[in-house]
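Subject: Structure handover and notes

Dear colleague,

I am passing on the structure we spoke about, and my notes on it follow directly below. Please read them with the coordinates open beside you.

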Amino acid sequence: MSKVNYIVAALIAFFLPAMATAQEAVGLDQRINTIFADYTGWYVSFIFAPFPGTDFSWIALWLVVGALVFTIYFGAIQFSGFVHSIKLVKGDYSDPNDAGEVSHFQALATALSGTVGLGNIAGVAVAVSIGGAGATFWMIVAGLFGMATKFTECTLGVKYRNEYPDGSVSGGPMYYMVKGFKERGLPLGGAMAVVFSIFTILGALGGGNMFQANQAHAQIANVVGDYPGWITGVVLALLTFAVIAGGLQSIARVTSKIVPFMGIFYVLVSIMILLINYDQIMWAFGQIFVGAFTGLGIVGGFTGALIQGFRRAAFSNEAGIGSAAIAHSAVRTKEPVSEGYVALLEPFIDTVVICTMTALVIVISGVLAQDPETGLYIWNAELGQITTAGDVSGVALTSAAYATAFSWFPILLMVAVVLFAFSTMISWSYYGLKAWTYLFGEGAMKELIFKIIFCVFIVIGSAASLGPVIDFSDAMLFSMAIVNIIALYFLMPIVKRELHSYRTRLRSGAIIKTKI
Amino acid sequence: MEKTTFIVGLDGSEAGARALAFAKDRAKADGDCAIIICYVIEWSPFAFQTAEENAKRHQRREAEIAMARERVLDPSLTMTKAEGFDIEGVVRHGDAAEILDSLAREKAAKQIIIGRVGARGLKARIFGGVAGRLAAASSVPVTIIP
């Protein structure tokens with residue numbers, strides 16, 4: 001550890017008692033909440049505002065409509081290009097001379113570690129407990145559409161990234177906004193990039209940090225019993241700081257290896273539960289299909305299921321938010337479109353596979369109460385959700401559903417939630433840093449300042465119950481999508497030109513398989 | 001007549017040096033021979049990395065290659081050239097057994113010569129070390145120097 005790191009560690013240690021005191025002084029929490037809510041509440045309400053007469057936020061529709069437009073514009077690339085995507089990830093088209101560089105698989109795995117997380121576990125449970133089994137159907141539909149959005153943004157991310165003389169790369173929406181708009185002779189690219197970067201920094205501190213830390217602590221406390229949140233915060237902050245500033249890559253390496261296996265293990269356990277209940281699989285699919293169009297007694301019926309499914313998919317796979325374009329831009333390839341192909345697998349894995357597994361297990365486990373005669377869900381009007389065993393929702397509901405098959409699952413889930421949260425924080429610290437350096441320029445000191453701020457927010461996120469602060473930063477995350485999708489609409493003709501050229505060369509044999 | 005080419009796997013160890021010494025003996029005995037020494041940096045396209053590692057990967061790769069050349073290949077190259085041998089050095093990323101075999105095919109080599117290093121770690125015990133896997137799957141003869 002260098003001298004600077006010691007100083008920073010000391011600084012963090014200095015702030016800790018202050019935070020602990022802050023937590024004890026409930027009044028301070030509340031004061032911050034009130035002040036924050038007064039000044040930012042209008043913006044949060046604006047972002048998550050529902051359409052009149054529904055509870056469907058316009059931001060979720062913005063993401064889904066974008067996904068639909070890109071699906072149509074690129075001729076359902078997620079279906080026509082699916083097999084080619086798999087071949088690219090396998091390395092069938094990789095240049096052997098690029099061995100040792102970032103492969104397609106690595107770029108995909110890194111981007112996935114930032115998206116697979118609490119959304120797949122807690123978010124799905126919320127969606128199904130409010131929207132019923134039918135929400136799963138709409139979640140899959142939205143996930144499939146989202147694949148086209150990822151294709152578009154990640155192709156642009158690679159095409160317009162910056163490659164520096166020392167060989168490092170920086171990419172993401174801010175770069176394609178500036179360079180792409182300039183290429184098309186459009187104004188305001190620079191302004192959009194600045195606005196996007198500000199949203200990214202705030203989103204990284206909130207949705208990518210405080211929310212994760214907060215939920216990780218909640219899950220640990222749920223299993224081992226309640227204890228002060230700042231303890232979790234300090235441990236997570238020190239680990240994160242060691243990784244992102246202390247250069248302790250060994251922790252990052254261990255996490256980046258464990259997290260994918262955790263994800264695979266989660267899917268395997270889900271498949272095992274489904275196999276144990278194989279006689280109910282067809283019934284569950286029937287519930288999902290019927291529920292998708294009737295709602296099976298949930299409030300709002302068909303639209304209720306649709307809203308929950310769409311919202312969950314949009315919030316879980318981050319398609320359109322722009323974060324994936326930052327992660328994918330590090331790949332070594334001469335063909336930006338090839339990375340677009342690879343990126344479209346992300347919503348498929350995240351939403352169509354992992355989210356659906358969670359939903360199927362919840363449906364099959366029978367934790368959602370149904371009237372045995374009518375088959376309709378029993379609605380708990382007070383909680384605004386379907387009646388569940390113990391009236392739980394979120395992670396606790398997923399935990400209860402899996403525990404019906406394996407009693408040890410809640411402990412595993414706790415480990416998974418903490419690890420997913422940690423890897424999401426590491427990923428978002430990088431996205432935030434890229435936006436930060438875009439605004440303030442590269443430089444060791446400037447980067448260190450951001451990293452310190454990021455770690456302090458981890459402690460705040462897990463120690464305090466700062467609802468409005470977290471709501472605001474969540475709103476920031478989705479604000480990224482407003483700017484990003486506008487940029488994508490203007491730049492999609494460039495992607496189409498690239499795609500056409502790539503496909504022509506693929507057909508003519510100019511791009512050949514390197515692996516037989 | 002074309003030159004006879006030997007591929008020698010070097011890893012900076014004593015065993016690697018013994019493999020090179022053996023290759024030199026063979027080259028002397030056979031006459032018109034070329035020796036290619038190869039250092040493989042273990043790497044997999046399917047390893048998991050963080051976003052920051054990805055961004056700096058190209059830089060790291062260049063540094064790894066430079067270090068392999070400086071520490072392992074260059075000293076051997078200088079010494080062997082001075083002794084009058086036709087020798088070149090190659091650094092590649094990947095799986096050692098696969099790289100040595102594909103290099104042998106690419107250069108139409110007569111044989112691969114490697115030193116035997118005792119099985120290291122669990123992975124080597126389960127999947128076999130480089131020597132074992134190369135002996136089992138190589139497309140040209142393999143000489144393993146104890």
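Please keep in mind throughout that this is a predicted model. For chain A the mean pLDDT is 84, and 90% of its residues reach 70 or more. Where pLDDT is low, the predicted coordinates should not be read in detail.

Overall fold of chain A

Chain A contains 21 helices and 4 strands, and its C-alpha atoms fill a box of roughly 65 × 60 × 45 Å along the principal axes. Its radius of gyration is 23 Å, which agrees with the value near 24 Å that a compact globule of 516 residues would have. Of these 516 residues, 55% count as buried. When contacts in chain A between residues at least 6 apart in sequence are considered, 80% of them join residues at least 24 apart.

Nonpolar cores

The largest nonpolar core has 169 residues, and the members that touch the most others are Trp138(A), Ala142(A), Ile362(A), Val363(A) and Val417(A). H19(A) gives this core its largest share, 18 residues. If residues up to four places away in sequence are left out, Ile362(A) touches Ala125(A), Val128(A), Val367(A), Leu368(A), Leu397(A), Thr398(A) and Ala401(A). There is also a second, separate core of 32 residues, which includes Ala19(B), Ala68(B), Val91(B) and Val142(B).

H19(A) has 32 residues and reaches 45 Å from its first C-alpha to its last, close to the 46 Å expected at 1.5 Å a residue. Because 24 of its 32 residues are buried, H19(A) is largely enclosed by the rest of the structure. The residue that follows H19(A) is Gly441(A), with a positive phi near 90 degrees.

Helix H14 (residues 301-317) of chain A has 17 residues and spans 25 Å between its first and last C-alpha, close to the expected 24 Å. H14(A) is mostly covered, with 14 of its 17 residues buried. After H14(A) comes Glu318(A), whose phi is also positive, near 60 degrees.

The contact between the chains

The contact draws 27 residues from chain A and 22 residues from chain B. On the side of chain A that touches chain B, helix H6 (104-115), helix H12 (249-276) and helix H19 (409-440) each supply at least two residues. Sorted by class, that side of chain A has 12 nonpolar, 11 polar and 4 charged residues.

Individual residues

Leaving aside neighbours within four places in sequence, Val267(A) is in contact with Val353(A), Ile354(A) and Met357(A). Val267(A) and Phe51(A), by contrast, are 216 residues apart in sequence and 35 Å apart in space, C-alpha to C-alpha.

Thr374(A) has its place in the loop between helix H17 (345-365) and strand E3 (379-380) of chain A, and it counts as exposed, with 10 C-beta neighbours inside 10 Å. Thr374(A) and Ala325(A) are 49 residues apart in sequence, and their C-alpha atoms are 47 Å apart in space.

Leu188(A), in the loop between helix H9 (173-183) and helix H10 (189-224) of chain A, has a phi near 70 degrees, a positive value in a residue other than glycine. Leu188(A) has 13 other C-beta atoms within 10 Å and is therefore partly exposed. In chain B, Ala108(B) lies in the loop between helix H4 (96-106) and strand E4 (111-115), and its phi is near 50 degrees, again a positive value in a residue other than glycine. Ala108(B) counts as exposed, because it has 11 C-beta neighbours inside 10 Å.

With best wishes

Methods
Residues are numbered from 1 along each chain as its sequence is written. Chains are lettered from A and ligands numbered from 1 in the order in which they are written. This is a predicted model: local features need pLDDT of at least 70, side-chain atom pairs count only at pLDDT 80 or more; totals for chains, interfaces and linings use all residues. A residue is buried if 20 or more other C-beta atoms lie within 10 Å of its own, exposed if 12 or fewer, and partly exposed in between; C-beta atoms are placed from the backbone. The radius of gyration is taken over C-alpha atoms; the globule rule is 2.2 Å times the number of residues to the power 0.38. Two residues are in contact if their C-beta atoms, placed from the backbone, lie within 7 Å. Ala, Val, Leu, Ile, Met, Phe, Trp, Tyr, Cys and Pro count as nonpolar, Asp, Glu, Lys and Arg as charged, and the others, Gly among them, as polar. pLDDT is the predictor's confidence in each residue, from 0 to 100. A nonpolar core is a set of buried Ala, Val, Leu, Ile, Met, Phe, Trp, Tyr and Cys residues joined through C-beta atoms within 7 Å. The expected span of a helix is 1.5 Å times one less than its number of residues.
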